[in-house]
Amino acid sequence: MAIKIAVSKGAEVYAFTTSPDKVKDILAFGAKEAIVVNDLSKLADYRGQMDYLLSTIPYEYDVAAYASVVKPYGTFTQVGMPNGFEVNINALSLAFSRVNFNASLIGGIKETQEMVDYCATHKVLPKIQKIKAMQINDAWERVVNKEARYRYVIDASTF
C-alpha cells in the first residue's frame, strides 16, 4: 500500500526488497524500480539518493546501511516493528549521514479514516487474500517465511 499511495501522490518510488519474487508486483504497484537487496552492497548505487525512506522491515537489520541511501537531511521512517520493538543503529553512522530518523505506528481513527477515504477516492486498493479462521496459523507461517502476498483478511463468518 505504501508504494501505491506514494505513487498516487506523485512520488517516484524505488522499492528495496529481499524477496526477488516480489519484483514483478512491486513494479505493477507503480514503483520506478525494484531493487533486490540480497546483500548490503546492492545499496551502494543508491547512497544519498532518496529524499525519504519508509522501512517496513519487521526484524533486526542494519539500519545504518539503509539510512545511507537517504539524502542528507532527508527522512527515514521505521514502521516495521521488530521483535522486542527495538531498532539498533550505529549512532556515528547516523550522525555522518545527517538523516532524520523517526518511527511511527498506525494513525488514530481520524487519520485512518482520512487514508481510507483517500484510497477509495483515488482507487488505491489493497491486494488481499481472504482466509478462514482455521487458516490463521498457516497464514502466520507464510508471513514468517516471507511467502504472504500481501494482506490476509479473515472471513469473520468462519469464527
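Modeller: Lys-110 and Glu-114 form a salt bridge through their side chains, with an N to O distance of 3.2 Å. The model is a predicted one. Both residues belong to helix α5, where they stand four residues apart, about one turn of the helix. Lys-110 has a relative accessibility of 61% and therefore counts as exposed, being over the 50% cut-off.

Helix α5 comprises 13 residues, 109-121, and at 1.5 Å a residue it should span 18 Å. The end C-alpha atoms of α5 are 18 Å apart, so the model agrees with the expectation.

Beyond the helix comes Lys-123, which follows α5 and has a positive phi, near 55°. Most residues other than glycine have a negative phi. Lys-123 has its positive value although it is not a glycine. The residue is placed in the loop between α5 and β6 (128-131). With 66% relative accessibility, Lys-123 counts as exposed.

A positive phi is also found at Arg-98, where the angle is near 55° and the residue is again other than glycine. Arg-98 lies in the loop between α4 (91-97) and β5 (100-103). Its relative accessibility is 39%, so Arg-98 counts as partly exposed.

To return to the charged pairs, a search of the whole structure finds five salt bridges. Among them is the one between Glu-12 and Lys-32, whose closest N and O atoms are 3.4 Å apart. This pair links distant parts of the chain, 20 residues apart: Glu-12 is in the loop between α1 (2-8) and β1 (14-17), and Lys-32 is in the loop between α2 (23-28) and β2 (33-36). Glu-12 counts as exposed at 54% relative accessibility, and Lys-32 counts as exposed at 52%.

A further salt bridge joins the side chains of Asp-51 and Lys-71, at 3.0 Å from N to O. Here the link runs between strands, from Asp-51 in β3 (residues 50-55) to Lys-71 in β4 (residues 70-78), distant parts of the chain that are 20 residues apart. Asp-51 is exposed, with a relative accessible area of 54%, whereas Lys-71 is partly exposed, with 33%.

Technical notes:
Residues are numbered from 1 along each chain as its sequence is written. This is a predicted model: local features need pLDDT of at least 70, side-chain atom pairs count only at pLDDT 80 or more; totals for chains, interfaces and linings use all residues. Side-chain values use heavy atoms; hydrogens and water are left out. Helices (H or I, at least four residues) and strands (E, at least two) are DSSP runs, numbered from the N terminus. The expected span of a helix is 1.5 Å times one less than its number of residues. Buried means under 20% relative accessible area, exposed over 50%, partly exposed in between (1.4 Å probe, protein chains only). A salt bridge is a side-chain nitrogen of Lys or Arg within 4 Å of a carboxyl oxygen of Asp or Glu.
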